[in-house]
Amino acid sequence: MFFFYLLFALFPFSYPKKGGTLSPIGMKQRGFASWYAETGHLGKRFVKEHRFTAAHRTLPFGTYVEVQNLKNQKKVLVCIDDRGPFVRGRIIDLSKPAAEKLQMVDAGIVPVELKVVKYPSY
């Protein structure tokens, strides 16, 4: 009996914490993407429009996602910093620079695959 007490005292077991989250790095999702251009006060553009950002309904802000256009296989890395899209069938809204890199500006909506690359650690 003393042996087990000593064993547990020297090598304590740790149990997973309740409510812990699993990191979804590598998670993939397929659907349709659209792009947006934001206008600010008096028709001036926000600085945000010049960055590779995107809107997603559920991924936390600060998540980095690789978006691949399934029509031409072009890829872009974007940071989630907004919520949306709120249109059925669409899974992500991309900033205009990201859409230009994927060559989807003229099409407006294209099939894409998302892959989570970096998940925020807060």
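In the predicted model, Arg-51 has a relative accessibility of 43% and therefore counts as partly exposed. The side chain of Arg-51 forms a salt bridge with Asp-81, with 3.8 Å between the closest N and O atoms. Arg-51 belongs to the loop between strand 1 and strand 2 (53-55), whereas Asp-81 is part of strand 4, so the contact ties together parts of the chain that are 30 residues apart in sequence. Asp-81 is likewise classed as partly exposed, because its relative accessibility is 24%.

The count of salt bridges comes to 2. The other pair joins Arg-30 and Glu-113, whose side chains meet at 2.9 Å, N to O. Arg-30 lies in strand 1 and Glu-113 in strand 6, so this pair links parts that are 83 residues apart in sequence. The two partners fall into separate accessibility classes: Arg-30, at 58% relative accessibility, counts as exposed, while Glu-113, at 15%, counts as buried because the cut-off for burial is under 20%.

Strand 1 (residues 28-36) and strand 6 (residues 109-118) run antiparallel to each other and share 7 bridges. Within this pairing, Lys-28 is placed opposite Lys-115 of strand 6. Strands of a sheet pair through backbone hydrogen bonds, in either a parallel or an antiparallel sense.

Nonpolar side chains in soluble globular proteins tend to be buried together. The largest nonpolar core of the model comprises 19 residues, and the members with the most contacts inside it are Val-67, Val-78, Ile-92, Leu-94 and Val-112. At least two residues of this core come from each of strand 3 (64-69), strand 4 (75-82), strand 5 (90-95), helix 2 (96-101) and strand 6. Strand 6 contributes the most, with 4 residues.

The surroundings of Ile-92 were examined individually. When residues up to four places away in sequence are left out, Ile-92 touches Phe-32, Ala-33, Ser-34, Ala-54, Ala-55, Val-67, Val-78, Ile-80, Pro-85, Val-112 and Leu-114. Among these neighbours, Val-67, Val-78 and Val-112 are also listed with Ile-92 as residues with the most contacts inside the core.

Definitions and conventions:
Residues are numbered from 1 along each chain as its sequence is written. This is a predicted model: local features need pLDDT of at least 70, side-chain atom pairs count only at pLDDT 80 or more; totals for chains, interfaces and linings use all residues. Side-chain values use heavy atoms; hydrogens and water are left out. Two strands pair if DSSP finds at least two bridges between them. A nonpolar core is a set of buried Ala, Val, Leu, Ile, Met, Phe, Trp, Tyr and Cys residues joined through side-chain atoms within 4.5 Å. Buried means under 20% relative accessible area, exposed over 50%, partly exposed in between (1.4 Å probe, protein chains only). Contact means heavy atoms within 4.5 Å. A salt bridge is a side-chain nitrogen of Lys or Arg within 4 Å of a carboxyl oxygen of Asp or Glu.
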